[in-house]
Amino acid sequence: MRFVAMDEELAIPAYGRHRLSPQGSLFALGLPLVPEKFLPGVMKFFERYFVADGSFGIERSFPHIAAYALLGYQDDISPANPLEIFGNVLIDRQKGFYVFRDRWQDDRDFVASIYLKQEPLRGSWSFPDEGSFRIWGLGHRWAKAGISKPRKENENVLVRQTDITPGAKPIYVETKPDGSGVVSLVQDNWLRSFAVDYTRKSGTPGLFVVVDRLELQTENDFLPKTWLMHTEGKVSIGDDTFTIESPEGKTLQGTFISPEGVQLSYQDTELGGVVRATGINNFFVVMTVQADDPPKVEREGNGIDTIVRVGKRQISFAENRIIFQ
């Protein structure tokens, strides 16, 4: 559900320890386990990237994988458009993982995801990535993983000065056939709502909204919090906005509706850079991805109670979720 072609190779917006593209060996090993109803969609990728080059996913250093490829490969199954097999939204209710995809065509496809890490993990390369999100689209990686070290600062989360219970729980989920949707989660006193809109009513092919609400309970809750998003490309910072430009000239523009007086900065990293936003209380961030000039972001009200308008799309936050109207 996350595969995107990048430089003629498959890539995924990964979580956890591994920040690399998946190898063909994962296909070869996995083919015997794929339910038959899913095989036509999987075969579409396998034949395009690992049969066409003659490898069948078999790596020189792991020749025994050939046994799995022979067992799982079925040349009597015709590859099919993954859209017909998988649709545009993936929900893993066991692990708390949500993927929103706008289409299945090429390297311009949008793929956004958020991970709740609902299932406790033991004896693993577990990372503190509860509530972290990814956004790829128009051939660029707008929100991606940071360096492969298990620290909150390497994820796209809200960093707080409190002890954190592992894992998060979903409290609201809404999906649309076009791949749009909303997910809200809670972890201790932190609520995050993540929304994706592919309807183009905003005047852009991708509209993304993040709201972070904190229930203030202790003295530490009144200390400044830092909102993070790891990215790549050319980044410019404004008073309450940031803009990321891809090498092709596509852009993502982010606007902080809240908190008031947010302090924005950008720092280079080993894998690109990170946008940092520091402030007290709640965060309300609207992001648009476009090939042309970004649309105007209009607002009415204050804080997370603000009504935001982008093109013909109205955005608000109520109860425990982002609402598109």
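User: Where does Val-34 lie?
Analyst: Ground rules first: this is a predicted model, in which local features need pLDDT of at least 70, side-chain atom pairs count only at pLDDT 80 or more, and totals for chains, interfaces and linings use all residues. Residues are numbered from 1 along each chain as its sequence is written, and side-chain values use heavy atoms, with hydrogens and water left out. Helices (H or I, at least four residues) and strands (E, at least two) are DSSP runs, numbered from the N terminus. By that numbering, Val-34 is in the loop between α1 and α2.

User: Leaving aside neighbours within four places in sequence, which residues is Val-34 in contact with?
Analyst: Contact here means heavy atoms within 4.5 Å. Val-286 sits 252 residues away in sequence and 38 Å away in space, C-alpha to C-alpha. With the neighbours within four places set aside, the contacts of Val-34 are Leu-39 and Val-42.

User: How far apart are the end C-alpha atoms of helix α2?
Analyst: The helix covers residues 39-51, which is 13 residues. The expected span is 1.5 Å times one less than the number of residues, and a straight helix would reach 18 Å. The ends of α2 fall short of that, at only 15 Å.

User: Which elements do the buried residues of α2 pack against?
Analyst: Buried means under 20% relative accessible area, exposed over 50%, and partly exposed in between (1.4 Å probe, protein chains only). The buried residues of α2 include Leu-39, Val-42, Met-43, Phe-45, Phe-46, Tyr-49 and Phe-50. They pack against β1 (4-6), β2 (9-11), α1 (24-30) and α4 (82-86).

User: How many residues in sequence separate the partners in the aromatic pair of Phe-3 and Phe-45?
Analyst: Ring pairs (Phe, Tyr and the six-membered ring of Trp) need centres within 6.5 Å; planes under 30 degrees apart are stacked, over 60 edge-to-face, and the rest tilted. The whole structure has 24 aromatic pairs, and Phe-3 with Phe-45 is a tilted one, 5.5 Å centre to centre with 40° between the planes. Phe-3 comes from the segment before β1 and Phe-45 from helix α2, so the pair ties together parts whose separation in sequence is 42 residues.

User: Why does the pair of Phe-27 and Phe-50 count as tilted, and which helices does the pair link?
Analyst: The ring centres are 5.3 Å apart and the planes meet at 45°, so the pair falls in the tilted class. Phe-27 is buried at 10% relative accessible area, and Phe-50 is buried too, at 12%. The two residues are 23 apart in the chain, and the helices linked are α1 and α2.

User: Phe-56 has a positive phi, but is the residue buried, exposed or partly exposed?
Analyst: Phi is near 55° here, a positive value in a residue other than glycine. Phe-56 is in the loop between α2 and α3 (65-72). Relative accessibility is 27%, so Phe-56 counts as partly exposed.

User: And Lys-117, buried or exposed?
Analyst: Lys-117 is also a non-glycine with positive phi, about 50°. The residue lies in the loop between β5 (111-115) and β6. Its relative accessibility is 7%, so Lys-117 counts as buried.

User: What is the strand order in the open sheet of five strands, and what is its average twist?
Analyst: Two strands pair if DSSP finds at least two bridges between them. The order is β3-β4-β5-β6-β7, with antiparallel pairing, and the edge strands, paired on one side only, are β3 (89-92) and β7 (140-143). At the β7 end, β6 (residues 132-137) pairs with β7 over three bridges. From one strand to the next, using axes fitted to C-alpha atoms and angles from 0 to 180 degrees between N-to-C directions, the twist averages 10°.

User: In the hairpin of β22 and β23, which residue takes a positive phi near 60°?
Analyst: Strands β22 (residues 313-318) and β23 (residues 321-324) pair antiparallel over four bridges, with Ile-315 partnered by Phe-324. Two residues lie between the strands, and the one with that phi is Glu-319.

User: What is omega for the cis peptide bond between Ser-258 and Pro-259?
Analyst: Pro-259 sits in the loop between β16 (251-258) and β17 (263-269). For the cis bond joining Ser-258 to Pro-259, omega is about 5°.
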